[in-house]
Amino acid sequence: MAVERVTKMETEADLESRARAAVRTAFGLPDGVIREQVRFTFRFGRQTLVVDAREARADARLDILLELAGRPLAVMELKRPGLELTAEDAEQGLSYARLVQPPAPLVVVTNGTDVEFYETYSGATWEPSDRSEATLKSLFKSASRVAAGDIKRAVETLMGVEPSVWMQAVRLVSADTIKELTTTWDEPGRPFIEGFMAPRGATQELLTHLLTGEKLLVVKGTPLSGKSNVLRELCRKADKIDTIATLYIDARTRGAALQKLADALARPLNWPVTPQEARDWLVRLSNSEGRRLALVFDGLRPWDENVVREVEDLSSSTFGPALSVVVAVDEATLPQLLRAGNHRGDSPLGRRAKLIHVGPLMDNEFAVARALLARRRVLLMQGAEYSHDYRQPWVLRSIASDAHDVLKGGPEDKALSLPSVLGLRLIEVVRQQFTDERPRRIFRALAKAMLNDAQDPSRPADFVLAQIEHSVIRRDAVSEQLDSNDMQWLFDNGFARAAMQDTIGATVWVRLPELLASELAYLIGDELMKRASEHIDKASAWLAGAAGNLPLGEIVCAQAIVDAGQQHGGVPIGIISRLISRPPEREELNANGSYRSMLSNGAMMEITLRADGANYITIDGVRHEVDIADEMTDSYKDVHPWMILSHLASKPFEVEQEEGPVRGDASLLLEIGTCPMPLHAARGQQSQRMIPMVNYSRDVSTVNPDVGIVEVITLGILNYLAAEVDEADAWLDKAVSSRSVALLTRVYAALRVLDGFEGHARSQWAKSMLRELVLPALKEAAAEYESGIDIPEEGDSRVTGA
């Protein structure tokens, strides 16, 4: 019976048999004297690359290393039977032979029948009188005579014609560069953390566009938004794809783009090329088939005209379709890259570029980052998903780094649970992160400009909202505080961008509001103490007004009190008492009235109520008629005094009395905790603003305890009950006796989290207090309302901390 071979492609056994036959034909020596290595390595500078003929069996030409007595003898270019031998075959073989260690003295080019020999050190044809083993061994002495120029040409040859080589090489170069920029949790200051990389949706978007042939991709975002980590992840993902390689280039320092490319190739590969030689190499590669190269420039500075011209060149039709360019740019500097010099249209780059935005972590991205931190024993309390601060990659990294310091050296079975809301901790993070003189000095001047601008009563309503939501300052106000050099530094480094607004004119948009908030706190603290010395009532009213007119206002003003207390040895208690005397007031929106707010995407929304029931919502000029339920016309006014106090109460502080100092935060928690509305500023994505609520009545609404801790006042209650062993019971008795359903709901939420900290010293106490004291009191208080929370039965209150 005839047997038909199923395998059409050459097998590894076939390959080895063909190689042995070619060696016998070439040298005429018995099998085993010369050994064939179908897989071998060679060095490019600091990098070791692999050649594996088994993975290239379908190619017309295979590279095989021949060894004699354990030393490299020759590189054999084994072509398929019947194929013509060419000078290109010899050149490739010579390139490998000069780079293996030690160098192989011969190159053999054969198709199994025809055979050509070349001397490695000279490149000349080798024509010996005999091919005995002794003659072959005598060649080893000449192998070391390979000149430096020949080595450079060898690298150039392999980098230009052999995809398996240049793709390995650029991937290794990228890995080497990224490694230099990577640090541990213990050593902040570099863009990457070893072993930690949270996936971003922008990365997959980038990769998809690259694989479909996009020539120019621009990754934009605010400073510290995670653009560099997106590029790092892109390189990692591309490493797993056979058809594309990425060359990562750190472009954050001054210098031309092609020079940076030449430097990136020269150092790790020992390939000293000029910028023009690097460009010529790219031209050759860009016209190859089946493989793509993406140049990835991280931190490109668009104000450098030479760099912009080179990126224009690299993304032009001068280069073939197999070359793409990816650049990461701070969005504030983007117009310099994409707009024409006369500002009348797009630049060449603007016409070619596909923009990819990197912003705060989206819901799914945050969930993955949270899970990755949990693997490292860093847990985020339930409710952290509603915190806008944790969506900032740099904030999350800084907080996690501090947690790692706490865990270092501790038992591996112990984890650290981080608070679900940062509050004043955000300012601490900023001040740890930004210590250099110049950014702090310039942002202090920006803070002065913001403070002056925010006190101008003539500001239009839409600008007031933009100022609070997006940290916008009129340019005239900024110019009064900053000279042109410092302002240009802000723009060049992406910390601010210039813009025009219809009603205001020239504006400056601050792209790092957290640092602005930190510097504002210092200024407001000083101003508060001056005003308090003159008139305490006016000083407290001014502080409340500042909280309502500044970005991150309630955090800024609470931190201002802390800063003033530290600098002046305390603040007048009258400031606190006067803020306490101004609780939020519910108000019903009037019919025939108009009300404005700003959505999370920056769109302006205006609500128009009419007595005839025809109500309208207008978003960016488009009007929609809507039905608005009665409860949706309820609002609260004068919320900022208690918002400030909610942050202040989350930190332990003392009040000087005649009998001595007493804890002030404990009584403040009891007072502010009774607030009948959520003390939570709506910031970030829409999903972070849509917090599940418990509506006991039109007068009382609280955050649903099932979502964890969202308000900083509830976090303050948790911290107090967890730490103050001696005072907690008495404090709980006061909370219960208040019969405030709002306070008891917050206490219930705090104790549920504390109960869920298995192994915590206060966990069992929290369980007991829930069962015996708080749950019965909350049920009784909630019974006075027609609707509200479903109170769980005993033993049903445990929640996890992450």
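**Legends to the views of a predicted protein chain**

**View 1. Charged side chains of the protein chain.** The protein chain carries 92 positive and 115 negative side chains, and the centres of the two sets lie 5 Å apart. Here Lys and Arg count as positive and Asp and Glu as negative, while His and the chain ends are not counted, and the place of each charge is taken as NZ of Lys, CZ of Arg, CG of Asp or CD of Glu. This is a predicted model, in which local features need pLDDT of at least 70 and side-chain atom pairs count only at pLDDT 80 or more, whereas totals for chains, interfaces and linings use all residues. Residues are numbered from 1 along each chain as its sequence is written, and side-chain values use heavy atoms, with hydrogens and water left out.

**View 2. The extent and the buried share of the chain.** Along its principal axes, the C-alpha trace of the protein chain spans about 110 × 65 × 60 Å. Of the 802 residues in the protein chain, 53% are buried, where buried means under 20% relative accessible area, exposed over 50% and partly exposed in between, with a 1.4 Å probe and protein chains only.

**View 3. Cysteines without a disulfide.** A search of the whole structure finds zero disulfides, a disulfide being a pair of cysteine sulfur atoms within 2.5 Å. The cysteine sulfur closest to that of C557 belongs to C675 and is 17 Å away, which is too far for a bond. C557 is buried, with a relative accessible area of 0%, and C235 also counts as buried, at 3% relative accessibility.
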